[in-house]
Amino acid sequence: MSKVVEVNHPLVQHKLSFIRSKDTGAKDFRNLVSEVAMLLAYEVTRDLPMEDVEIETPICKATCKRLSGKKLAIVPILRAGLGMVDGMLNLIPAAKVGHIGMYRDEETLKPVEYFCKLPEDIAEREVIVVDPMLATGGSAIDALDLLKARGAKSLKLACLIGSPEGVKAIQEAHPDVDIYIAAIDEKLNEKGYIVPGLGDAGDRLFGTK
């Protein structure tokens, strides 16, 4: 079973309180989502492999640790996932970025794919799939299915908030994919929205209704 890492760092929870607030406008919402994404990236990359390198400080020679060349890819689920990309790239600027476009059918609540563009060497990269909301889990499950079909072997999922139902759905469908999340909320309502949640992340990021 995949592990679930709930990132309850005080800075994450502080920023999340403003992200949730209906009084936070689009500009501040975007900035806060990006900042929390950067903090999540810190946890997602915690187990990256290291190697010893010889360097010379102004004082003497020393053996230090550097990343051992593990290649990364960040793949947002459009469109809300775009809000998390820049924050992660601030920490891991060498990562390549793919895109998966999906929307939720409002009647069936099922995800519909409309776009997919990935790095050619996706199979060689550790892939971080990003989406602010993990509600039913349908979009994330389909995105992970698609990535595996394209050859991706090492996958992680990073979200701002999720429902217990969404987390369970990912674990059942993709038990090899670890989940990094800032908060797991109470439940889904009858419309498939997370409670208490933060509303529609895409609309709040881009100022649409």
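Asp185 touches Arg20, Ile161, Gly162, Pro164, Ile194, Val195, Pro196 and Gly197, leaving out residues up to four places away in sequence; touching, or contact, means heavy atoms within 4.5 Å. This is a predicted model, in which local features need pLDDT of at least 70 and side-chain atom pairs count only at pLDDT 80 or more, while totals for chains, interfaces and linings use all residues. Residues are numbered from 1 along each chain as its sequence is written, and side-chain values use heavy atoms, with hydrogens and water left out.

**Around Asp185**

- Asp185 sits in the loop between strand 11 and strand 12 (187–188); helices (H or I, at least four residues) and strands (E, at least two) are DSSP runs, numbered from the N terminus.
- With a relative accessible area of 8%, Asp185 is buried; buried means under 20% relative accessible area, exposed over 50%, and partly exposed in between (1.4 Å probe, protein chains only).
- The Asp185 side chain reaches the backbone nitrogen of Gly197 at 2.9 Å.
- One of the residues touched by Asp185 is Pro196, which is found in the loop between strand 13 and helix 6.
- A cis peptide bond, with omega about 0°, joins Val195 and Pro196.

**Positions listed in UniProt**

- An unreviewed UniProt entry lists "binding site" at Arg79, Arg104, Asp131, Pro132, Met133, Leu134, Ala135, Thr136, Gly137, Gly138, Ser139 and Asp200.
- The feature "binding site" (unreviewed entry) is also placed by UniProt at Ile194, Gly199, Asp200 and Ala201.
- UniProt positions are given in the numbering used here, feature names are shortened, and annotations may be inferred rather than shown by experiment.

**A closer look at some of those positions**

- Arg79 is in the loop between strand 4 (72–78) and helix 3 (85–91), and a cis peptide bond with omega about 0° joins Leu78 to Arg79.
- Pro132 belongs to the loop between strand 8 (126–130) and strand 9 (133–134), and its 1% relative accessibility makes it buried.
- Setting aside neighbours within four places in sequence, Pro132 is in contact with Ala80, Gly81, Met84, Cys159, Leu160, Ile161 and Ala201.
- Ala201 lies in helix 6 and is buried, with a relative accessible area of 4%.
- Not counting residues up to four places away in sequence, Ala201 touches Phe29, Ala80, Pro132 and Met133.
- Asp200 lies in the loop between strand 13 (194–195) and helix 6 (201–206), where it counts as partly exposed at 31% relative accessibility.
- Arg79 and Tyr193 are touched by Asp200, again not counting residues up to four places away in sequence.
- A polar atom of the Asp200 side chain lies 2.9 Å from the backbone nitrogen of Asp203.

**Thr136 and Gly138**

- Thr136 is in the loop between strand 9 and helix 4 (138–149) and is partly exposed, with a relative accessible area of 27%.
- The side chain of Thr136 reaches the backbone nitrogen of Gly138 at 3.2 Å.
- Gly138 is in helix 4 and is buried, with a relative accessible area of 16%.
- Although Gly138 and Pro111 are 27 residues apart in sequence, they are 6.0 Å apart in space, C-alpha to C-alpha.

**Asp121 and its lysine partners**

- Asp121 is found in the loop between strand 7 (111–117) and strand 8, and counts as buried at 15% relative accessibility.
- Leaving aside neighbours within four places in sequence, Asp121 is in contact with Lys71 and Lys96.
- The side chains of Asp121 and Lys71 make a polar contact (3.1 Å); a polar contact is a pair of N or O atoms within 3.5 Å, where within protein one must be able to donate a hydrogen and the other to accept it, and residues adjacent in sequence count only if both atoms are side-chain atoms.

**Helix 5**

- In helix 5 (residues 164–173), the buried residues are Gly166, Val167, Ala169, Ile170 and Gln171.
- Their cover includes strand 1 (4–6), strand 9, helix 4, strand 10 (154–162) and strand 11 (178–184).
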